Structures are given as C-alpha cells and as structure tokens.
Amino acid sequence: MTRLPVRAADRADRSRSRAAAALALLAVLMFAGPAAAADGAGPAAIGSAYWSGFVDYWMGMLRRQDNIVMLVLGLGAVGIFIITRGKWKK
C-alpha cells in the first residue's frame, strides 16, 4: 500500500481544523464551571475571582465615552487589517 503525497493545502486545512478543535476545547474548559448545588452553595468556579476582576476593570474603563470611542476605533482597525490581509499575499 503506497501513501499518496499530501498537498500543502491539505496540510493547512488539517492544521486549521486541529487549531479550531483545540480552541473549542480550551473554551469549554475555561467557561465550564463545576456544577452548583440546587441551593446555590456549590463550590466556586476555578478562576472566578480573576474573571470577576477582569470584567470589573473593563466595565470601569468603558464607563467613559472616550474609552468606548477608542475601543471601537481599535476594533475597526483590527477588522480592516483582517479583511485586507488576504489581498496583500496576492
């Protein structure tokens, strides 16, 4: 039985699908907390203090209008970069 040659595009597709699967697994592990008891006295989620502090910090930053404008401009710049990135390679 001989092996067929693997094209670079097939290798890239396989690598992208593995990266997507790894990202999905990471998201499940990060956001899936332990099951709480019916009365709500279950154990705290792993890293909940970190995420609570993270959300509090960014909500405080976004309460000022100029910070929201900067965030939108930054997201727009990232979006334009992603959209035009493929055109640079041609």
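Visitor: Where does pLDDT stay under 50 here?
Guide: That happens over residues 36-43. This is a predicted model, and for that stretch it has four contacts beyond four places in sequence.

Visitor: How should I read a part like that?
Guide: With some care: where pLDDT is low, the predicted coordinates should not be read in detail.

Visitor: And what does the protein average for pLDDT?
Guide: The average is 74, and 63% of the residues score at least 70.

Visitor: OK, new topic. How many helices and strands are there?
Guide: The protein has three helices and zero strands.

Visitor: How much of the protein counts as buried?
Guide: Of its 90 residues, 0% count as buried. The protein exposes about 8,300 Å², with carbon and sulfur atoms supplying 68% of that area.

Visitor: Which residues form the nonpolar patch on the surface?
Guide: The patch is made of L23, L26, M30, F31, Y50, W51, F54, V55, Y57, W58 and M59. Together they have about 1,200 Å² of accessible area.

Visitor: Which helix gives the most to it?
Guide: That would be α2, with seven residues. Helix α1, residues 8-31, also takes part, as α1 and α2 each supply at least two residues.

Visitor: Pick one from α1 for me. Where is M30 found, and how accessible is it?
Guide: M30 sits in helix α1. Its relative accessibility is 37%, so M30 counts as partly exposed.

Visitor: Let's talk rings. How many aromatic pairs does the structure hold?
Guide: There are five aromatic pairs. One of them joins Y50 and W51, whose ring centres are 5.1 Å apart with 75° between the planes, an edge-to-face arrangement.

Visitor: Why is the pair of W51 and F54 edge-to-face?
Guide: Because the planes of the two rings stand at 80°, and angles over 60 count as edge-to-face. The ring centres of W51 and F54 are 5.4 Å apart.

Visitor: Why are those two separated by about one helical turn?
Guide: W51 and F54 are three residues apart in helix α2, which covers residues 48-61, so about one helical turn lies between them. As for F54 itself, it counts as partly exposed because its relative accessibility is 37%.

Visitor: Last one: which residues form the aromatic cluster?
Guide: Y50, W51, F54, Y57 and W58 form one cluster.

Notes. Residues are numbered from 1 along each chain as its sequence is written. This is a predicted model: local features need pLDDT of at least 70, side-chain atom pairs count only at pLDDT 80 or more; totals for chains, interfaces and linings use all residues. Side-chain values use heavy atoms; hydrogens and water are left out. Rings of Phe, Tyr and Trp (its six-membered ring) pair if their centres lie within 6.5 Å; planes under 30 degrees apart count as stacked, over 60 as edge-to-face and the rest as tilted. Helices (H or I, at least four residues) and strands (E, at least two) are DSSP runs, numbered from the N terminus. Buried means under 20% relative accessible area, exposed over 50%, partly exposed in between (1.4 Å probe, protein chains only). Patches are made of residues with over 30% relative accessible area and no salt bridge: like charges are joined within 9 Å, nonpolar side chains (Val, Leu, Ile, Met, Phe, Trp, Tyr) within 5 Å. Accessible areas come from the Shrake-Rupley method with a 1.4 Å probe; for residues, only the protein chains shown count as cover. A salt bridge is a side-chain nitrogen of Lys or Arg within 4 Å of a carboxyl oxygen of Asp or Glu. pLDDT is the predictor's confidence in each residue, from 0 to 100. Contact means heavy atoms within 4.5 Å.
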